[in-house]
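Please look through the structure below before reading on.

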Amino acid sequence: MADGKLLARFRRAISRVSAGIARTKSRLATFGERDASEPAGGRSLADFVLETGISPDEYVVNLLEERGGDLHQQEIIAETGLNRSSVSRLLREMEENGQIRRVRLSTENEVYLPDAVPDLARPSDAASTADI
C-alpha cells in the first residue's frame, strides 16, 4: 500500500515538473534578468530552472507541502537562493494564480497553500461583502 502511494506521488511530481518546465520555457527570457537593486549574490529564476530542472513555482509548492503548508517568505528566499525581488514577484504571480496565499504577520509574510490558511487569516464573509 505504501509503495502505491509513493508511486502515485512520484507520478504527480513528474507531471507537475513537466508542466512547470513547459510553462517556464515561455517565461525564461524575462526571468533571466536580475533586478538592478538586488545584490548579485542571489540566483535568477532562469538560473534556478537550469540548475534544478524544476520551475520555481513548483519548487515552492513542493516545499510548502513538505513543511506542512506554510513557511515564512524569508525561508523561501533562503531555501531557493533566489534574490528577494525575484521571490516577491514569483509569489505575487503564484497568489494571483491561486497556488498560494500570503498573509502579512507583523513585519513578515507567511506563505500558505490555499487549503492550509488558518481561519484567523481568512477574510470573513461580512468583511468581503462590506467591500462590495
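A search of the whole structure finds 2 salt bridges, a salt bridge being a side-chain nitrogen of Lys or Arg within 4 Å of a carboxyl oxygen of Asp or Glu. The model is a predicted one, in which local features need pLDDT of at least 70 and side-chain atom pairs count only at pLDDT 80 or more, while totals for chains, interfaces and linings use all residues. Residues are numbered from 1 along each chain as its sequence is written, and side-chain values use heavy atoms, with hydrogens and water left out.

In one of these salt bridges, the side chains of Arg-67 and Glu-79 meet at 2.9 Å, N to O. This pair links distant parts of the chain, since Arg-67 sits in the loop between helix 3 and strand 1 whereas Glu-79 belongs to helix 4, 12 residues apart. Helices (H or I, at least four residues) and strands (E, at least two) are here DSSP runs, numbered from the N terminus. Arg-67 counts as partly exposed because its relative accessibility is 37%, and Glu-79, at 35%, is likewise counted as partly exposed. For these words the cut-offs are under 20% relative accessible area for buried, over 50% for exposed, and in between for partly exposed (1.4 Å probe, protein chains only). Another salt bridge joins the side chains of Arg-102 and Glu-95 at 3.3 Å, N to O; here Arg-102 counts as buried at 19% relative accessibility, whereas Glu-95, at 27%, counts as partly exposed.

The 3 strands make an open sheet with the order 1-3-2 and antiparallel pairing, where two strands pair if DSSP finds at least two bridges between them. Strand 1 (70–72) and strand 2 (101–105) stand at the edges, each with a single partner strand, so one side of each is left without a neighbour in the sheet. From one strand to the next the twist averages 25 degrees; axes are lines fitted to C-alpha atoms, for helices over the stretch in contact, and angles run from 0 to 180 degrees between N-to-C directions. In general, strands of a sheet pair through backbone hydrogen bonds, either parallel or antiparallel.

Strand 1 and strand 3 (residues 108–112) pair in the antiparallel sense over 3 bridges, and Leu-71 stands opposite Val-111 in strand 3. Helix 4 packs on the sheet, touching strand 1, strand 2 and strand 3, and its direction makes about 85 degrees with that of strand 1; contact means heavy atoms within 4.5 Å. Gln-73 is found in helix 4 (residues 73–80) and is buried, with a relative accessible area of 10%. Not counting residues up to four places away in sequence, Gln-73 touches Val-87, Ser-88, Leu-91, Arg-102, Asn-109 and Val-111. In the loop between strand 2 and strand 3 lies Ser-106, which has a positive phi of about 60 degrees although it is not a glycine. Ser-106 is exposed, with a relative accessible area of 69%.

Is helix 3 mostly covered or mostly uncovered? Helix 3 is mostly covered, with 8 of its 11 residues buried, among them Asp-57, Glu-58 and Asn-62. Pro-56 also has its place in helix 3 (residues 56–66) and is buried, with a relative accessible area of 2%. Leaving aside neighbours within four places in sequence, Pro-56 is in contact with Leu-45, Phe-48, Val-49 and Leu-90. The C-alpha atoms of Pro-56 and Leu-91, which lie 35 residues apart along the chain, are separated by 9.6 Å. Just after helix 3, Gly-68 takes a positive phi of about 85 degrees.

On the surface, Leu-7, Phe-10 and Ile-14 form a nonpolar patch with about 290 Å² of accessible area together. Patches are made of residues with over 30% relative accessible area and no salt bridge, with like charges joined within 9 Å and nonpolar side chains (Val, Leu, Ile, Met, Phe, Trp, Tyr) within 5 Å; accessible areas come from the Shrake-Rupley method with a 1.4 Å probe, and for residues only the protein chains shown count as cover. Leu-7 lies in helix 1 (residues 2–31) and counts as partly exposed at 41% relative accessibility. For the protein as a whole, buried residues make up 34% of the 132 residues.
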